[in-house]
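I opened my notebook to look up a few things in this structure. Here are my entries, in the order I made them.

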Amino acid sequence: MFVLRKPRMAQSIVVLVLKSLPARLTRNWLPFLLFNEIWHNGYEPFERLGADTFLAVSPGGLILYTCDADVNVQLFRDGNFGKPVELMSILNIYGPTITGTDGPESRLYRKITGPFFSENTLRRVFTQSAGGAKMLLAALMRSDAHLHLRSLSARLSLNTLCQIAFGYQTDSDLVRGLAFQDSIPDGKTLSYSQALHGLLKNMGVILDVPHWMLRMSPFQSHRHAIACYSELGSYMDQLKQARQITVAKTLVHGTSSDEDLLDLLIHAGVSSKDQPTPLLTNRQVIGQIFLFMFAGHEANANLLVSIILILACHPEIQAAMQRDLDRLLGDTVPGTWSYDKNYSELMHSTVGAVINETLRLFTVIPVLPKCVPPDGPWLPITVKGQTHLLPPGTVALSNTSATHRHPKYWPDRTTGTAQRPRSSFWSDTRNDVRQRPYAAADFDPFRFG
Ligand code: HEM
């Protein structure tokens, strides 16, 4: 396992060296490799190269890079393409996950968890979010709130996710969390949210360094990282055990119609009359609990922060959105708002337009990976009307940040062309005040009006 971890560490050193080289040597290819900066670069690297789809060929393998919407659709619609499990398995920290596995195993997790994503859940999310937003608003009124915007948003999103998906955490936990006064149960040194967010922040260390070494490390940050890992594991075990007792009772009295995600996972992990052998092992249940805790709140937290910041940059849009909110909700109080009454109207107003436009510019996952299964046949892909065969093992990276800012799909609405000023080096973009916040400057929710 440690052998597999080494390339990740080596890569961070190599990237530092490459970034210090003259831009003319690296500008055509380095931006494609800097995963943490893909969002900033948008369509620029593809534009510079003059190709929306290309293949990088190296002794280590083939990688297809694309921002072409037609190619993206083929990669995601053709069920023969799989997930590059070797890359995604970094998420299998506590057990195999829906994202870190492929084929029948991943499909099993999808089948078990699928029923959770229903209109009924959306109704509960809407009501819970209206209440949560009120609490977030109170926290945002604090004078230092701008320093903690990301943490506040993450705490709200995590609490909402946990209440809806796992029946875990309460509104009082949220109030304490937003005041950074989380309760820490006996036997723990970290609150639940501190453990989860600490783990996500330190995922690199957790993956790269053997855990015994972290425990013995003289560095406090290392010991903190491993404490987050251990305590989050313990929180999830306790959550699972507590719910198993409830589920055992419902198995006797019949299933209930309002099962949450945790119920579905626990049911799949036990045997019953209809299911003599459990569908999932303990590690598989815990793996999904972790994955959904992570994936279920992170995207929403990031989106919320982006929306708040972008509205602050565009007061005229803020005012337009406020007008729509006043028109649609009038003097009614949040407690009376509901998914059935208000959701559709809100999504067809500036509120929906702001959400969609923010998702366009600040893609929650800047690159989506797919692959030609290593043990399968060559797969065809059609680029600009020409069909090419991709050999087994080819990785395909769909760059959503570039697709979402491609001038062909998103022309400047006033001139019909991309308005972005040109610079000669991709690295200049990083220092160009007009380009650096290009996404924010291009913000125009009325595209969706
Ligand atoms: C703002 C809200 C959200 C956005 C924009 C978002 C977006 C995405 C995207 C783009 C992916 C990658 C899909 C792919 O690779 O095919 C993804 C994966 C995933 N999301 Fe979300 N998501 C959001 C909220 C949620 C929530 C609330 C949950 C759970 C309750 C969730 C659970 C997942 C899971 C489990 C995966 C991995 C699926 C897999 O690997 O098969 N997401 N999300």
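**Domains.** I looked up the spacing of two domains first. The C-alpha centres of domain 2 and domain 3 lie 26 Å apart. The chain is split into domain 1 (2–84 + 383–448), domain 2 (115–296) and domain 3 (298–361). Those bounds come from an automatic or database domain assignment. I noted that this is a predicted model: local features need pLDDT of at least 70, side-chain atom pairs count only at pLDDT 80 or more, and totals for chains, interfaces and linings use all residues. Residue numbers start from 1 along each chain as its sequence is written.

**Where the domains touch.** I found 14 residues of domain 2 in contact with 13 residues of domain 3. Contact here puts two C-beta atoms, placed from the backbone, within 7 Å. On the domain 2 side, α9 (119–140), α10 and α17 each give two or more residues. Helices are DSSP runs of H or I with at least four residues, strands are runs of E with at least two, and both are numbered from the N terminus. The largest share of that side, 7 residues, comes from α9. I sorted the side of domain 2 that touches domain 3 into 7 nonpolar, 4 polar and 3 charged residues. Nonpolar covers Ala, Val, Leu, Ile, Met, Phe, Trp, Tyr, Cys and Pro; charged covers Asp, Glu, Lys and Arg; the others, Gly among them, are polar.

**The ligand.** How many residues surround the ligand? I got 15, and the closest are T99, A295, G296, A299 and V364. A residue is near a molecule if its C-beta atom, placed from the backbone, lies within 6 Å of it. Helices α10 (149–166) and α17 (282–313) each supply at least two residues of this shell. The largest share, 7 residues, is from α17. The shell has 12 nonpolar residues, 3 polar and no charged. Domain 2 and domain 3 each give at least three residues to the shell.

**The open sheet.** I traced 4 strands in the order β1-β2-β6-β3, with mixed pairing. Two strands pair if DSSP finds at least two bridges between them. β1 (53–58) and β3 (367–371) are at the edges with a single partner strand each, so one side of each has no neighbour in the sheet. From one strand to the next the twist averages 20°. β2 (61–66) and β6 (395–399) run parallel, joined by 4 bridges. T66 has S398 as its bridge partner in β6. Helix α6 (69–77) packs on the sheet and touches β1, β2, β3 and β6; its direction makes about 130° with that of β6. Such angles run from 0 to 180 degrees between N-to-C directions, with axes fitted to C-alpha atoms, for helices over the stretch in contact.

**The hairpin.** I then checked β4 (379–383) and β5, which run antiparallel with 5 bridges. L379 is paired with L390 of β5. The hairpin has 2 residues between its strands, and K384 takes a positive phi near 50°. β5 (386–390) is hardly covered, with 0 buried among its 5 residues.

**F443.** Is F443 buried or exposed? It counts as buried because it has 21 C-beta neighbours inside 10 Å. The cut-offs within 10 Å are 20 or more other C-beta atoms for buried, 12 or fewer for exposed, and partly exposed in between, with C-beta atoms placed from the backbone. F443 lies in the segment after α23 (438–441). Leaving aside neighbours within four places in sequence, F443 is in contact with I310, H314, E357 and L361.
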